[in-house]
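The following exercises concern a single protein model.

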Amino acid sequence: MDFSTHFLPASAVRTKPTSEGTGLGLFMCKDIIEIHNGNISIHSQEGQFTEVVITLPVLKETHS
C-alpha cells in the first residue's frame with residue numbers, strides 16, 4: 001500500500017469524520033524527523049497491521 005500521499009499537507013484537507021484524523025500529524029512528524037536527518041516509513045497490510053518506522057541518527061557527544 002502506498003502511503004506517500006499521507007505525508008503531503010494536501011491529503012489533510014479532505015472531508016472525513018474527525019474520528020479518522022486528517023493526516024496532518026504525519027506531515028508534521030515527517031518534517032521534524034527530516035530536520036534531524038532521519039526517516040519515517042509506513043508498512044501496512046489492510047486488516048492486519050500498520051507499522052511506522054522512524055530512524056534517527058545517533059548524536060555523537062563532543063567534549064571541549
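**Exercise 1.** Determine whether V52 is buried, partly exposed or exposed.

*Solution.* Step 1: recall the classes, in which buried means under 20% relative accessible area, exposed means over 50%, and partly exposed lies in between (1.4 Å probe, protein chains only). Step 2: the relative accessible area of V52 is 45%, and therefore V52 is partly exposed.

Two conventions apply throughout. The model is predicted, so that local features need pLDDT of at least 70 and side-chain atom pairs count only at pLDDT 80 or more, while totals for chains, interfaces and linings use all residues. Residues are numbered from 1 along each chain as its sequence is written, and side-chain values use heavy atoms, with hydrogens and water left out.

**Exercise 2.** Locate V52 in the secondary structure and identify its bridge partner.

*Solution.* Step 1: helices (H or I, at least four residues) and strands (E, at least two) are DSSP runs, numbered from the N terminus. Step 2: V52 belongs to strand 2, which covers residues 49-55. Step 3: two strands pair if DSSP finds at least two bridges between them. Strand 1 (residues 39-45) and strand 2 pair in the antiparallel sense over seven bridges, and V52 is the bridge partner of I42. Step 4: the two strands form a hairpin with three residues between them, and G47 in the turn has a positive phi of about 80°.

**Exercise 3.** Which residues does V52 touch, not counting residues up to four places away in sequence?

*Solution.* Step 1: a contact means heavy atoms within 4.5 Å. Step 2: by this criterion V52 touches I40, S41 and I42. Step 3: V52 and S41 are 11 residues apart in sequence, yet their C-alpha atoms are 5.8 Å apart in space.

**Exercise 4.** Examine the side chains of E34 and K30 and state how they meet.

*Solution.* Step 1: a salt bridge is a side-chain nitrogen of Lys or Arg within 4 Å of a carboxyl oxygen of Asp or Glu. Step 2: the side chains of E34 and K30 meet in a salt bridge, at 2.9 Å from N to O. The count by this rule is one salt bridge. Step 3: E34 and K30 are separated by about one helical turn, because they are four residues apart in helix 1. An α-helix has 3.6 residues a turn, so residues three or four places apart point the same way. Step 4: E34 is partly exposed at 39% relative accessibility, and K30 is also partly exposed, at 22%.

**Exercise 5.** Compare the span of helix 1 with its expected value, and describe N37, which follows this helix.

*Solution.* Step 1: the expected span of a helix is 1.5 Å times one less than its number of residues. Step 2: helix 1 (residues 24-35) has 12 residues and reaches 17 Å from its first C-alpha to its last, close to the expected 16 Å. Step 3: N37 lies in the loop between helix 1 and strand 1. Its phi is near 60°, a positive value in a residue other than glycine. Most residues other than glycine have a negative phi. Step 4: N37 counts as exposed, because its relative accessibility is 65%.

**Exercise 6.** What percentage of the 64 residues in the protein is buried?

*Solution.* Buried residues make up 14% of the 64 residues.
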